[in-house]
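Q: Could you take me through the sequence and structure below, one feature at a time?

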Amino acid sequence: MFERSLETPVAPQTAQVAVAPAAESASAVQVARAPASAAIIPTAFSPPPESAMPGGDYGKVIRLGEQVFMQTGKYAGRYVGNDLNCASCHLDAGRKPDSAPMWASFIHYPAFRSKTGKVDTLASRIQGCFQFSMNGKAPPQDDDIMTALQTYAFWLAKGAPVGTPLPGSGYPKLKKPAQAPDFVRGEKVYAQNCALCHGADGLGQRAGDHQVFPPLWGPRSFNWGAGMHQIGNAAGFIQANMPLGKGGTLSEQDAWDVALFMNSHERPQDPRFLGTVEATRKKYHDDPSDSMYGSTVAGHVLGAP
């Protein structure tokens with residue numbers, strides 16, 4: 001599936017194999033909603049090709065950003081705590097529409113995000129990716145890694161209108177499915193379409209020191225604070241992009257089902273953990289239709305220490 005290259009507390013659910021339809025998910029790159037008068041440009045944006053990357057010292061920083069993006073553990077290993085690369089979720093080196101491309105990140109930030117409750121800059125957004133999606137720690141804003149990633153995003157966005165919604169900027173927002181997402185159906189979809197690359201155990205595939213296909217759950221995947229743990233985000237990404245190279249071939253119902261299945265497995269703890277699953281769920285995951293955190297699956301409470 002993934003490219004190699006989220007008042008009253010909700011009690012944990014029991015023996016859960018299905019959940020109610022999720023509300024339309026927020027884009028993985030969450031941006032402030034544009035005014036009603038702001039028209040979305042109907043034509044797709046194309047970032048510059050790699051062959052157009054400039055030379056000199058400036059080009060070296062852009063290229064370093066691309067290298068960090070593609071091989072994050074190798075070039076930014078001190079900030080990474082799992083086996084994912086940036087390109088695991090932002091496909092085609094951060095270029096592909098409908099996979100939260102990097103050019104969209106640049107033109108949409110700073111922006112208010114409900115996740116943090118404040119206006120985030122592009123730098124703080126990238127720091128969050130390291131903390132949650134990479135299950136690591138945030139690089140300092142003046143770190144060379146941060147400079148390189150932001151410069152790479154800036155270069156990819158060359159010619160794009162800043163602050164203007166563009167097609168393909170985040171992950172698609174699917175309509176609520178006709179049937180509630182279901183674990184058993186999702187397990188079948190996974191076996192037929194995903195296990196070949198990501199393994200029956202969801203732990204991905206390696207070739208020596210290289211992670212060919214990323215783990216979708218388990219100790220070396222994204223943690224419970226990452227945007228991809230939200231069923232709506234995962235479903236939109238999967239339907240548009242998976243299986244790799246065959247995006248759009250799964251039905252939306254299949255995408256919802258397999259997203260639920262994927263996110264019904266254990267993964268690293270949310271870094272914002274408040275001491276108990278119940279307190280953490282109430283604060284950060286209080287939507288049983290979109291987060292499996294704190295739910296009981298096969299007798300295990302997801303997120304339990």
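A: Start with Gln127, which is found in helix 5; helices (H or I, at least four residues) are DSSP runs, numbered from the N terminus. The model is predicted: local features need pLDDT of at least 70, side-chain atom pairs count only at pLDDT 80 or more, and totals for chains, interfaces and linings use all residues. Residues are numbered from 1 along each chain as its sequence is written, and side-chain values use heavy atoms, with hydrogens and water left out.

Q: Is Gln127 buried or exposed?
A: Buried means under 20% relative accessible area, exposed over 50%, partly exposed in between (1.4 Å probe, protein chains only). Gln127 counts as buried because its relative accessibility is 15%.

Q: Which side chain does the side chain of Gln127 join in a polar contact?
A: A polar contact is a pair of N or O atoms within 3.5 Å; within protein, one must be able to donate a hydrogen and the other to accept it, and residues adjacent in sequence count only if both atoms are side-chain atoms. Here the partner is Gln141, at 3.4 Å.

Q: What caps the N-terminal end of helix 6?
A: Asp143 does, with a side-chain oxygen 2.7 Å from the backbone nitrogen of Ile145. Ile145 is also among the buried residues of helix 6, including Met146 and Trp155.

Q: Against which helices do the buried residues of helix 6 pack?
A: Contact means heavy atoms within 4.5 Å. The helices packed against are helix 1, helix 2 (72-75), helix 3, helix 4 and helix 5.

How values were computed:
Helices (H or I, at least four residues) and strands (E, at least two) are DSSP runs, numbered from the N terminus.
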